[in-house]
Amino acid sequence: MASITLTVNGSARTIDVRDPDKPLLYALRNDLNLKGAKYGCGLGQCGACTVIVDGEAVRSCTTPVSAFSGKKITTIEGLGSPEQPHKVQAAFIAEQAAQCGYCTNGMVMTSAALLDKNPKPSATQVKDALAQNLCRCGTHERIVNAVVKAGGARG
Amino acid sequence: MNSHTSRRNFLKSTGALFIAIPFASELKAEVISGKTVDAAQVDAYLALHADGTATIYSGKVDLGTGLRAAFPQIAAEELGLPINKIKLIEGDTLLTPDQGPTSGSNGIPKGGMQLRQAAATARQALIKLASEKLGRPVGELDAIDGEVRPKAGGAGVSFASLVTDKGFELKLDSKAPVRDPKTHKYVGKHVPRPDIPAKATGRHVYMHDFDVPGMMHGRTIRPAVIGAELVSVDESSVASIPGAKVVRIKNFLGVVAPDEWDAVRAAKMLKAEWKGGGLPTDSAGLRDYVKAQKVGSTEALDKAGDFATAYAAAPKKLSGEFYWPTQSHASLGPSCAVADVKDGEATIWCSSQGTHRYAKHFADMLGLPANKMRVHYLDGAGCYGMNGHEDAAADAAFMSKAIGKPVRVQWTREDEHGLDPKGPPQVITQEAALSADGKIVAWHTTMRCPKPTDKLPTIPLLSPVEADAKQVKGIATGSLSSGGKPPYDVPNLLVEVLWLEDTPLRASHLRAPGKIGNCLAVETFMDELALAAGKDPVEFRLAYLSDPRGREAVERVAKLFNWDKRVEPRRNGKGRGIGFTQYKGDETYVAIAMEVDVSADGHIKVTRVAATHDCGQIISPDGVRSQVEGCILQTIGRTLFEEVKFDRNHVTSRDWASYPILTFPDVPELKIELIDRPNEPPRGAGEAATAPVAAALANAVFDATGIRLRTVPFTAARLKSAMAETGVKFG
């Protein structure tokens, strides 16, 4: 069995991988007990599994874990905590921007990656950045408001 | 984070007199005794603890709807206890009262009001006990901040000193006086939802994140043709997967493995042969199929005057047929559950909206006595009636029973879109007539929909059928026939339902069952009548709407939206429409105005929505607002995009590409005005605002194009072809 070393939330973590095609999502959730990233479709269509890899929002459900050796992975747990939330997380809390919240991981991670590139996005830019992230409960307006406020631009 | 530790610490920190440890591994170690779950008893709903805190127990659960904030608000208010002293336990069948399923927007109106009466009964008892202790009449005392004190000031006595560890041992008094809304400290105020910090930081423990020691990962394997029988299984096809085991019970087929990814691989590798099965129609033929179905019975739901005579005599007649397609819950996370079945008892963790009724179902299915089954609620991905949560739980239970270990079953996206029980199709026809001077004189609504099975205890699940286990057969749909009655004064009215005896795909309640389609038919027709009468749609509605709360909702939405009067449609690609409902005929009032842009290729973009919403007394204003937002946005998506596609074998729309839902670029500007009526009973907010959405949208499209869309979804292809037929051009 091969082992792979991943850099997750700033720490080197080595895991045994029997199948190199195993998606990163399963390694994060089951091998590293980081369950913030969610299984939504396994098809890269909904965004619930999003993590940030070398600054880019990436779908962890479709990319094999073997492709992540040597890359820096940030999960939602590494972004912030209830006590010390990232500004996007703080804005989601302030705006009460979740219903069931199953999509929230993807929304937060995609938005955090957006703000790194475009620190003050407009509402339209946020909507475009989140166009491939699905929310079924209809929390979209709050999510957009939260990300715009986190960036500090006027909505 | 370790989910076990955090939950255990949470429960310990409550200092509960009745210790609650909701984990199978610890279940036998802790003897839970004395905690009544009898919904007629105060102690079923709440326990006051020696440390000044309280635990409230709710059979109704928070589905992302904000009840987790609202229930403590209600209890804190009535008890006279700071809200941060209150902990909530939801949906655990061993600890919470059976208050019925969390459905039909009844979390607050039913569950919340039972809790309010339990707390009011408790307060009355505390004041009586304190009166004896303090030697003062009850009228001079009140419960404030965890004490009973003289209203005029002076020393009080703590709640803890007044109750023993036996609790209140009192029947819930439905007449116990509740606090005057003028004095409310929590009800009607903003209380942040307690689950959002953990949800926004990835710490919230969903059903999908929950595990128990020794748990195996299970996957179910289902045939490519719905209803097919399992002929043979080649177990050797998964021999290369470490620890994989095949579970076969008649036509039920599953595979388990210690590692989740291995279970995924094994499910793909397992070779099985199936035969038979199939569906009576495909989705393209569904409308005709429904119209040709034998009508089991016809029921007149509402009657006034004499429709037939008035219609026959009227000079101006209109008619139309509307179609609402089969739709999926399309939950963002495919269903998941954990079951531990061994030694003649079982524990199931499930995101069910009805843990109590499914506990009985699961027990029957496994051949266990009801008192050997415990079901815990854990948050799932949003479900809007009943998706695959209970199916996944039954799958897990059969596999756990077969292998003697706890099993977690995670459905795939394909499973969820393909197999979740669906909102069934509806065909609705309208006939109405105007007098020579443009007054509505006759109205007839006819609804064709499947008849729900009388007294069906639960919606039938897949695996008990496959495994030929005990289960009550039938169809459950929710009240599909509600909302066919126009909310207007009509002298000659007939509202009928033609009950059909089956429906091609397994049915269940999907948010606001039937009512969005019925409101589409009624409210589109009201617009057609307005046009025929030469009146503005808002003015025309107000002329027939006598209920003052309904009038206020319509008048305020017209103002909020800046409604401009019109009679004839603009036909310039931009349009405005309105829709109104009183949900279920006697509940929440909602009026919605909507603006759309229609492109030359038939694409509809909703640009602006205004809504007024009167659900009586508001408990959590932001919770209501959040539900109204969700109702509107989700239903715009259902109206524009959603239709389950299937061939004669199976559902073919089994991913997000083939079953599109609303996305961020589709989101309009929203303006919502909540009308709070503190002295009226609270009504539901989880569904009502869905009902007028499709109608307002259709009416706006008519204004923009002169075309009446009567078939959902309002796809670009459908509108483009209607535009080509009628020669509409703009832009």
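Student: Which residues of strand β17 of chain B are buried on one side and on the other?
Tutor: This is a predicted model, in which local features need pLDDT of at least 70 and side-chain atom pairs count only at pLDDT 80 or more, whereas totals for chains, interfaces and linings use all residues. Residues are numbered from 1 along each chain as its sequence is written, while chains are lettered from A and ligands numbered from 1 in the order in which they are written. A residue is buried if 20 or more other C-beta atoms, placed from the backbone, lie within 10 Å of its own, exposed if 12 or fewer, and partly exposed in between. Both faces of β17(B), residues 407-410, are covered, with B:Val407 and B:Val409 buried on one side, and on the other B:Arg408 and B:Gln410.

Student: Which residue stands opposite B:Gln410, and in what sense does its strand run?
Tutor: Strands (E, at least two residues) and helices (H or I, at least four) are DSSP runs numbered from the N terminus, and two strands pair if DSSP finds at least two bridges between them. Strand β7 of chain B, residues 216-220, pairs with β17(B) in the parallel sense over 3 bridges, and there B:His217 has B:Arg408 as its bridge partner. Strand β14 of chain B, residues 336-342, is joined to β17(B) by 4 bridges. The residue opposite B:Gln410 is B:Cys336, and the two strands run antiparallel.

Student: Why do the buried residues of helix α14 of chain B lie on the same side?
Tutor: In this helix, residues 537-544, the buried residues are B:Pro537, B:Val538, B:Phe540 and B:Arg541. They lie on the same side of α14(B) because they cover an arc, taken over the directions from the helix axis to the C-beta atoms, of only 165°. These buried residues pack against α13, α15, β21 and α17 of chain B.

Student: Which element gives the most to the side of domain 2 of chain B that touches domain 3 of chain B?
Tutor: The domain assignment, which is automatic or from a database, gives chain B domain 1 (3-185), domain 2 (207-277 + 329-419) and domain 3 (426-726). Two residues are in contact if their C-beta atoms, placed from the backbone, lie within 7 Å, and this contact takes 28 residues from domain 2 of chain B and 27 residues from domain 3 of chain B. On the domain 2 side, the elements giving two or more residues are α9, α10 and α11 of chain B. The one that gives the most, with 6 residues, is α9(B).

Student: How many residues does α16(B) supply to the side of chain B that touches chain A?
Tutor: The contact takes 47 residues from chain B and 46 residues from chain A. On the chain B side, α5, α6 and α16 each supply at least two residues. The largest share comes from α16(B), with 8 residues.
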